[in-house]
Amino acid sequence: MKSTPDLAVEATGLIKHFGSTRAVDGIDLAVPAGTVYGVLGPNGAGKTTAVRILTTLQQPDGGTATVLGHDIQREPDTVRSLVSLTGQFASVDEDLTGTENLVLLGRLLGYSRSQARRRADDLLTAFGLADAADRQVKKYSGGMRRRIDIAASIVVTPEVLFLDEPTTGLDPRSRNQVWDIIRVLVSGGTTVLLTTQYLDEADQLADRIAVIDHGKVIAEGTSGELKASVGAGAVHVRLRDPVKRPDAERHLTKALGVPVLLEHDPVALSARVEDSDLVARAISGLIAAGIEVAEFSLGQPSLDEVFLALTGRPAEEATEDAPGEETAA
Amino acid sequence: MSTHQPTAAKNGVATAVDENLIATLTAGSRPPRPSGVTTALTFGWRAMLKIKHVPEQLFDVTLTPIIFTLMFTYLFGGALAGSVESYLQFLLPGILVQTVILTTVYTGFTLNTDISKGVFDRFRSLPIWRPSPLVGALLGDAVRYAVASTVVVVLGLVLGFRPDGGVIGVVGAVVILLVFASGIGWIFTTLGLILRTPNAVMGVGMMIIMPFTFASNIFVDPSTMPSWLQSFVDVNPITHLVTAERGLMAGTASAGDIGWVLLAAAALTAVFGPLTMYLYRRR
């Protein structure tokens, strides 16, 4: 891995409209080479569109971006020879077998037939897919699909690997496997830019995180820096009776001295707190006031809480991801 | 709360993945960039693999030609030419054209289906000659057109079609037809990129193809048609194509007839090829 430029990806003021929607509304990114960079945001925040622009699949309406010093608009072909993309949806041919997919890509990237075949076999073995090599990808499980997707992205080891929501919809075991693969890739010198909806995932993998909302970067830093801005932890409370939630909200706000977030679940509330003693007293207070608590926990802040801290409102549930998906279809 | 600790990577499976993966990563050096011919042929190979895995997609190039040839031969044969045998000598080159031209619609249908899937994003993010996925798809379709042609010709021979042009004439006719069909194919790749759904491509495609194939000299001699229709038939490219096909199969084709077909194919490619690429780049 060459280490000439310090930044693997640099974007300044990227803009992309779809009709009247500003899917990407002035995004700045600076991704240091050789690191994992997390782009965190809810559905529809513009993550996918940003990744599509950076991998030359879409033209920005404004702003500039470079990959390892090469401009994505002036030198798209050079950029394509440096990056590799694993899209949010299956980015291999589902009708073909695992081997056929990897041989296809190997041939397209310039390997001879036998080199491509060898590379495919090596990758399938390394990703634990040797047994499924001759099965059509449409018969793979979700976790296997994700692994073949990623394998397809490193037939030639890219300088920068873009992973668009690599673990969305995966069970915890498959998710851990994908995480392990990403860690190994980075230890081999590849820069990884991944998008995710899960703070947990960004926290586990990313050296730096950009939080995106409505097409803008609303916070950027290491996960430690972001958490410091959000509060050390969060208390989650579930009540027995949803009718009591307004009472509980009033009590908790008073006892904890911070804003209380009403979750989508009609019996759930949460708040960011520093002090666990305070939480213990607040829960006792609820019980004393006759509000029955089904369960409570003290844990890491959720994405909702990060958003509440950064924007003063919960992360919105958009019905679809970036409209780019729609126009690309 | 985190369910995953770094130590989890140390369990058996994950460690095996790690060691192999590190070794595999270092092996992924970039080979020299392949030529456009190589990548286009590789995409053609992909089309062949898809036929291997989904052989049902050959129904439209095997069963449809059989049904068409049998139906029109026996439906019109007696009425139009007095006997099935004599009509077949007239119809077969025409029905061959109709069958293959109808098949070109599937080029757009397939592209529209294909491009909506994530795999096309991967192709578009590769450092390759940009038209190669589309050129490769057309190469694959040329194989389908060849299958359809073979079915029609063999069935014709079985039913009693006896071309005076011999083997060379028939093979020549099929080759010229494939060239023309590939030109038409670019119209449907264009439509495949403009229209939203595969079904819309089918609908619009058939709407274009039907009048051109029926209002031609495929089924009947145009001299019996009203003059307004005759003037359309005379300028209809399909008419010229069928004339060349009949000529080749009968061994009487003029260089002008063949030249016209090749020129038309070149013109279609020159207009719709770049248009397709323009639309493809903008997606």
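Me: Of the contacts in chain A between residues at least 6 apart in sequence, what share joins residues at least 24 apart?
Reply: That share is 69%, with contact meaning heavy atoms within 4.5 Å. This is a predicted model, where local features need pLDDT of at least 70, side-chain atom pairs count only at pLDDT 80 or more, and totals for chains, interfaces and linings use all residues. Residues are numbered from 1 along each chain as its sequence is written, chains are lettered from A and ligands numbered from 1 in the order written, and side-chain values use heavy atoms, leaving out hydrogens and water.

Me: How many helices and strands are in chain A?
Reply: Chain A has 12 helices and 14 strands, taken as DSSP runs numbered from the N terminus (helices H or I, at least four residues; strands E, at least two).

Me: What's the strand order in the open sheet of four strands?
Reply: In chain A the order is β2-β1-β4-β5, with antiparallel pairing; a pair needs at least two DSSP bridges. The edge strands, β2 (21-32) and β5 (70-71), each pair on one side only.

Me: How many bridges link β1 and β4?
Reply: Five bridges join β1 (residues 7-18) and β4 (residues 62-67) of chain A. Val9(A) has Val67(A) in β4(A) as its bridge partner.

Me: Switching to chain B, where is Leu63(B)?
Reply: Leu63(B) is in helix α3 (residues 59-81) of chain B.

Me: Why does Leu63(B) count as partly exposed?
Reply: Because its relative accessibility is 43%.

Technical notes:
Buried < 20%, exposed > 50% of the residue type's maximum accessible area, 1.4 Å probe, protein only.
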